Amino acid sequence: MTAITTKLDFKSAVEYHYGQFPPAAVDYGKLMQPLSSASAALARYDQMLKNMHNSEILLAPLRRQEAVVSSRIEGTVSTLDEVLRYEADREDEDEIINTHHRSEAVEVFLYHHAMRRAQASIQDGAPISDFLIRSTHKVLLSFGRGRDMSPGEYKTEQNYLVDRNRKHVLFIPITPERLRDGMKLFHAFINDDSWETLTRIALAHVEFEALHPFKDGNGRIGRMLITLMLWKQGVISAPHYYVSGYLEEVRDEYIDRMREVSRSGAWTEWCVFFFHALETQAYKNLQVSDDIHRLYEEMKRVFREVLASQWHTIALDFIFSQPVFRNSRFTGKSGIPRPTASRFTRALVERGLLTTLEPASGRRPALYSFEPLLKIVRG
């Protein structure tokens with residue numbers, strides 16, 4: 001964030017670690033055990049991804065929840081339900097609508113939208129580059145307060161990380177004048193295969209946050225990059241890994257550990273913290289993903305019984321990927337014949353599988369939620 005220096009207290013501020021990235025070395029003796037544990041946890045999680053043939057559908061709600069939590073770390077407070085209601089009112093995938101929804105819900109949705117765009121670019125062969133990072137940032141800040149924060153453009157003024165009361169400067173990132181060189185080093189490092197992969201990702205994350213290259217949105221972009229780097233480097237086979245839950249729980253330590261890197265060169269200690277975060281969140285993600293998969297398998301049987309139609313799996317996939325939806329979207333976008341889709345909705349409501357959030361009113365279609373899935377994702 002930018003700040004007016006005359007109103008801030010700089011007594012406890014830590015400055016960027018000029019000339020110290022990448023570090024000359026880290027102590028792999030201290031990293032061996034936490035690195036091994038993190039690698040094992042990620043391997044178990046990835047095995048689940050490989051066994052889940054439709055992870056893009058089943059884990060879609062988790063991406064929305066990651067957007068909620070990652071944004072909340074930065075002070076943008078919304079809920080999963082708000083974001084899903086906003087999505088339900090969009091007719092087009094690329095449409096950003098300005099409706100009765102709170103701007104915070106739209107801003108959180110844009111995290112999910114930006115991540116999807118970045119994923120699509122990497123699937124098309126794009127590297128994690130300046131262009132990809134700036135394009136992702138441009139989407140992230142394309143609405144609401146973000147539009148005034150130079151979307152897609154690197155900072156031209158000094159920015160600061162401040163405390164919760166916005167009075168004390170905690171960290172002074174790299175200056176705008178030296179940012180270009182800093183980003184060149186950053187990109188060279190993330191492509192340097194001489195570093196062990198998880199160590200490289202750990203160091204890249206703290207470096208990106210220390211560079212703080214944008215006027216706003218740095219934390220959210222930085223946490224997106226964790227997932228994208230894990231995926232790009234082949235640690236996980238699909239870009240469905242969400243670390244913000246753990247980092248929110250230990251937010252103060254998260255910030256302190258990053259500051260300590262610049263204050264005292266505590267790169268090894270940062271890596272130990274980061275590996276523990278990866279391990280802890282991998283097991284949490286594994287549990288939630290397993291619960292979602294179990295629910296899906298159970299619902300396959302239930303939907304087959306309740307709907308008694310060849311379209312039951314398509315209906316199930318639609319509802320898992322969009323657990324809050326308007327009836328018009330289900331009947332118009334699911335690919336199921338409209339009369340059949342309308343019958344499905346009635347049957348699922350009668351069975352108690354769908355909850356009516358808003359009844360149909362005039363030309364406005366009814367709004368439904370699939371609570372069995374949402375209860376799992378909300379946690």
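**Exercise 1. Aromatic pairs**

Task: Find how many aromatic pairs the structure holds, then say how the rings of Tyr296 and Phe320 are arranged.

Solution. Start with the count: there are 21 aromatic pairs in the structure. To pair, rings of Phe, Tyr and Trp (its six-membered ring) need centres within 6.5 Å; planes under 30 degrees apart are stacked, over 60 edge-to-face, and the rest tilted. Now take Tyr296 and Phe320: the ring centres lie 5.2 Å apart and the planes meet at 85°, so this pair is edge-to-face.

Tyr296 belongs to helix α12 (residues 267-307) and Phe320 to helix α13 (residues 312-321), so the pair ties together parts that are 24 residues apart in sequence. Helices here are DSSP runs of H or I with at least four residues, strands are runs of E with at least two, and both are numbered from the N terminus.

Then check the burial. Buried means under 20% relative accessible area, exposed over 50%, and partly exposed in between (1.4 Å probe, protein chains only). Tyr296 has 2% relative accessibility, so Tyr296 counts as buried. Phe320 is buried too, at 0%.

A further pair is made by Phe318 and Phe325, edge-to-face with 5.6 Å from centre to centre and 80° between the planes. Both of these residues are buried.

Before moving on, a word on the model: it is a predicted one, where local features need pLDDT of at least 70, side-chain atom pairs count only at pLDDT 80 or more, and totals for chains, interfaces and linings use all residues. Residues are numbered from 1 along each chain as its sequence is written, and side-chain values use heavy atoms, with hydrogens and water left out.

**Exercise 2. A cluster and a charge**

Task: Name the residues of the aromatic cluster that includes Trp270, and find which ring the charged end of Arg134 sits over.

Solution. The cluster is made up of Tyr246, Tyr254, Trp270, Phe273 and Phe274. As for Arg134, its charged end sits over the ring of Tyr154, 5.0 Å from the ring centre. The test for this is NZ of Lys or CZ of Arg within 6 Å of the ring centre and within 35 degrees of the ring normal.

**Exercise 3. The sheet**

Task: Work out the strand order of the open sheet and the direction of each pairing.

Solution. Three strands line up as β1-β3-β2, with mixed pairing. Two strands pair if DSSP finds at least two bridges between them. The edges are β1 (14-15) and β2 (161-162), each pairing on one side only.

Go through the pairings in turn. β1 and β3 (residues 169-172) run parallel and are joined by 2 bridges. Val14 stands opposite Phe171, and Glu15 stands opposite Ile172. β2 and β3 are antiparallel, again over 2 bridges, and Val162 has Val169 as its bridge partner. The hairpin of β2 and β3 has 6 residues between the strands, and Arg166 there takes a positive phi near 60°.

**Exercise 4. Around Met183**

Solution. Pro213 is 30 residues away along the chain, and the C-alpha atoms of Met183 and Pro213 are separated by 8.2 Å.
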